[in-house]
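Please keep the sequence and the 3D view open beside them.

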Amino acid sequence: MPDDPNTPDDTNDGNSIGSDDEDIVMDDVEDEADFLENRDPEDYPSGLQITSDSDEAHRQAAVDRLDRWDAGEEVPHVINFQNPSDLRALLTDRRVELLRSIMTERPDSIRQLAERLDRDVKTV
């Protein structure tokens, strides 16, 4: 990413994550699979774990979680970023603020969350 914010970034392919106001774009496979279709929140694990592990470590951890899940233990959903800079690009200070607010008290709606954070609902 260029140091000068006025310099265009010709590496943007439409799926990269940039400023806080930039939309995150799904690729065609995610879109066709209804990746973000509405689901009952009770269907999701109660925990989310974000890691930055090597591929080998992430695969081993996934096998370990599967064994624990097979044994009836609740396991978190895990999102892994092999490259720590990708994780830092995604988890900006404003996005971390948003996540902390949700974890502190689950909002009834996106609008309520936006009001709580004093942000425009469209950016939340």
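1. Read from the N terminus, the elements follow the order α-β-α-β-α-α-α, and the chain holds five helices and two strands. Helices (H or I, at least four residues) and strands (E, at least two) are DSSP runs, numbered from the N terminus.

2. Before going further, please note that this is a predicted model, in which local features need pLDDT of at least 70 and side-chain atom pairs count only at pLDDT 80 or more, while totals for chains, interfaces and linings use all residues. Residues are numbered from 1 along each chain as its sequence is written, and side-chain values use heavy atoms, with hydrogens and water left out.

3. Of the 124 residues in the chain, 14% count as buried, where buried means under 20% relative accessible area, exposed means over 50%, and partly exposed lies in between (1.4 Å probe, protein chains only). The accessible surface of the chain is about 10,200 Å², and carbon and sulfur atoms contribute 48% of that surface; such areas come from the Shrake-Rupley method with a 1.4 Å probe, and for residues only the protein chains shown count as cover.

4. Among contacts in the chain with a separation of 6 or more, 51% are made by residues 24 or more positions apart, a contact being heavy atoms within 4.5 Å. G47 is a residue to look at here: it sits in the loop between helix 1 (28-32) and strand 1 (48-51), and its C-alpha atom is separated by 7.4 Å from that of V75, although the two are 28 residues apart along the chain. Leaving aside neighbours within four places in sequence, G47 is in contact with P76 and H77, and with 26% relative accessibility G47 counts as partly exposed.

5. After helix 2 comes G72, which has a positive phi near 95 degrees.

6. Helix 4 (residues 93-104) has 12 residues and reaches 16 Å between its first and last C-alpha atoms, close to the 16 Å expected. Which residues of helix 4 are buried? They are R95, L98 and S101, and seen down the axis of helix 4 they fall within an arc of 120 degrees, so they line one face of the helix; the arc is that of the directions from the helix axis to the C-beta atoms. On the other side of helix 4, D93, R100, M103 and T104 are exposed, whereas the cover over its buried residues includes helix 3 (84-90) and helix 5 (110-117).

7. In helix 5, the buried residues are L113, A114 and L117, which lie within an arc of 100 degrees when seen down the axis of helix 5 and so line one face of the helix. These buried residues pack against helix 4, while the face of helix 5 turned away from them carries the exposed residues R111 and E115. Just after helix 5, D118 has a positive phi of about 55 degrees.

8. Finally, please look at I79, which belongs to strand 2 (residues 77-80) and is partly exposed, with a relative accessible area of 35%. Together with L48 and I50, I79 forms a nonpolar patch on the surface, and the three have about 240 Å² of accessible area together. Patches are made of residues with over 30% relative accessible area and no salt bridge, with like charges joined within 9 Å and nonpolar side chains (Val, Leu, Ile, Met, Phe, Trp, Tyr) within 5 Å; a salt bridge is a side-chain nitrogen of Lys or Arg within 4 Å of a carboxyl oxygen of Asp or Glu.

Definitions and conventions:
Expected span 1.5 Å × (residues − 1).
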